[in-house]
Amino acid sequence: MQKKSINLRLILVCLAAASVGLPIAIISIAKILLLLGGTAILLTGKPASAAEPAKGRLKYTPIAVLLVLAAFAISLLWTTASAAEATSSLGKYGKLLMIPLIVALLRSRAEAIYALGVFALVQIFLLISSWMLFFHLPVPWATSPMAHIQHAAFSSYLDEGIMTAVFAGICWHLRALVPGRYGRYFAIAVVIFALVNVFFVFDGRSGHVVAIVLMSLAIMWEMPIRYRIGIVLLPFLLLLVVSILSPKVQNRVEQVRNEVQAFSLKKGENVVTGSSSGIRLHFWHRAVQSILENPVLGSGVGSWSHEFNRLERQQNSSNPNIAALGNPHQEYLQWGVQLGIPGILLILALMISILRDTLGMEKMAARAAQSALAALAVACLFNSTIYDALIGDFFCVTLGLLLALGIHTPANAHTGSGGKEQAA
């Protein structure tokens, strides 16, 4: 009976790990199975504390996740959104439960590594698919309508670029875990192909920024402590180098500059016409206005579209209604619109809680988890990353897997060649 329980736990987590990046229907099914099946196992099975030491648990993240969901649920009392919009938005934030749930279900280092291996295989499959699309090879499993233009098999270049950058960072930090004599070198090769894919294949500027941030962190951690102050200038240096080498990055940087300049000159008028940066700036402007009107409680969960449309009508804007996207393309401001300034503090507290749980972990696992967290923090500056489907599920599953690895890896251990654990 115990063996079947362990297998079921691992199967549920592996299904979730294998789903991220695939079509949204597969992600949704895997997520529901994880949330319902995992919760049932934890409620009816043997408590983890009876089988494991206390160090095998998170201290801060579960509390932060519950506080976040409670705050959004309470805001149902005053939300300006319709009941359908409010409950739908609350459900989207429910994906945060996957982070502590995955950690609770994975009860050993071996299980965490196995689940990460499944995760890595699927991400490599997505990476190969992207390269095949780039070279115009047949990819019959691609379901994205823009697959042959954006080179992402199941999602968009925006999501895929960010996920590929994060996967590259994970492969770099966990390269010692790859089995085999040449496992470490295989992981490094995957890192190179993934980063080249981000900078030379995908157009997503968010992915470019995330990749540069993660590269800067990786370089900083490899440097002697006395030289780490140089991390302040390193991202700008990397951006300069990448812009010179990659025409895509250079064009996108120039496009941002032109779009921001045009927005400033037109004062936000007609930003819809072909200006991604202009749309974002217009959304952010309206979000800030909404926050200033309700700085303490916000407008309630799911209220962004209602607040945007209201402000558009009040301002007599000449722009057409562009709130159909359902979010302001900025996670921090979206929480501010819904929960006021406390909402912005709440999302920061959530990220700090995850960071606190990584402190004291074994260096390799801690850096991998901190890299994923840094990527999430950066991605949230330009997109509603947690709120959105697919990319939000990717980050929740990824953080859950990495935190599980960290709490089950002795803090005084490191891995040598071929992933064999050695005493420090």
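Me: Is glutamine 370 buried or exposed?
Reply: This is a predicted model, in which local features need pLDDT of at least 70 and side-chain atom pairs count only at pLDDT 80 or more, while totals for chains, interfaces and linings use all residues. Residues are numbered from 1 along each chain as its sequence is written, and side-chain values use heavy atoms, with hydrogens and water left out. A residue is called buried under 20% relative accessible area, exposed over 50% and partly exposed in between, with a 1.4 Å probe and protein chains only. Because its relative accessibility is 16%, glutamine 370 counts as buried.

Me: Which residues does glutamine 370 touch, not counting those up to four places away in sequence?
Reply: Glutamine 370 sits in helix 18, residues 363–379, where helices (H or I, at least four residues) and strands (E, at least two) are DSSP runs numbered from the N terminus. Contact is taken as heavy atoms within 4.5 Å. With residues up to four places away in sequence set aside, the partners of glutamine 370 are Trp221, Leu355, Thr358 and Leu359.

Me: How are helix 16 and helix 17 oriented to each other?
Reply: Helix 16 (residues 331–339) and helix 17 (residues 341–358) pack with axes 6 Å apart and an angle of about 135°, the axes being lines fitted to C-alpha atoms over the stretch in contact and the angles running from 0 to 180 degrees between N-to-C directions. Angles under 35 degrees count as roughly parallel, over 145 as roughly antiparallel, 65 to 115 as roughly perpendicular and the rest as oblique. The pair, helix 16 and helix 17, is therefore oblique.

Me: How many nonpolar residues are in the contact of helix 16 with helix 17?
Reply: Helix 16 contributes Glu331, Tyr332, Trp335, Gly336 and Leu339, while the residues of helix 17 include Ile341, Pro342 and Met351. Ala, Val, Leu, Ile, Met, Phe, Trp, Tyr, Cys and Pro count as nonpolar, Asp, Glu, Lys and Arg as charged, and the others, Gly among them, as polar. By these classes, the contact has one charged residue, two polar ones and, as nonpolar residues, eleven.

Me: What distance separates the end C-alpha atoms of helix 9?
Reply: Helix 9 is mostly covered, with 14 of its 17 residues buried. The expected span of a helix is 1.5 Å times one less than its number of residues. For helix 9 (residues 157–173) this span should be 24 Å, which agrees with the separation of its end C-alpha atoms, 24 Å.

Me: What is the relative accessibility of histidine 151?
Reply: Histidine 151, in the loop between helix 8 and helix 9, has a positive phi of about 65° although it is not a glycine. Histidine 136, in the loop between helix 7 and helix 8, also has a positive phi, of about 60°, and is exposed, with a relative accessible area of 65%. Histidine 151, by contrast, counts as buried because its relative accessibility is 9%.

Me: What separation do the C-alpha atoms of leucine 177 and glycine 117 have?
Reply: Leucine 177 lies in the loop between helix 9 and helix 10, and it counts as buried because its relative accessibility is 15%. Along the chain, leucine 177 and glycine 117 are 60 residues apart, whereas their C-alpha atoms are separated by 9.5 Å.
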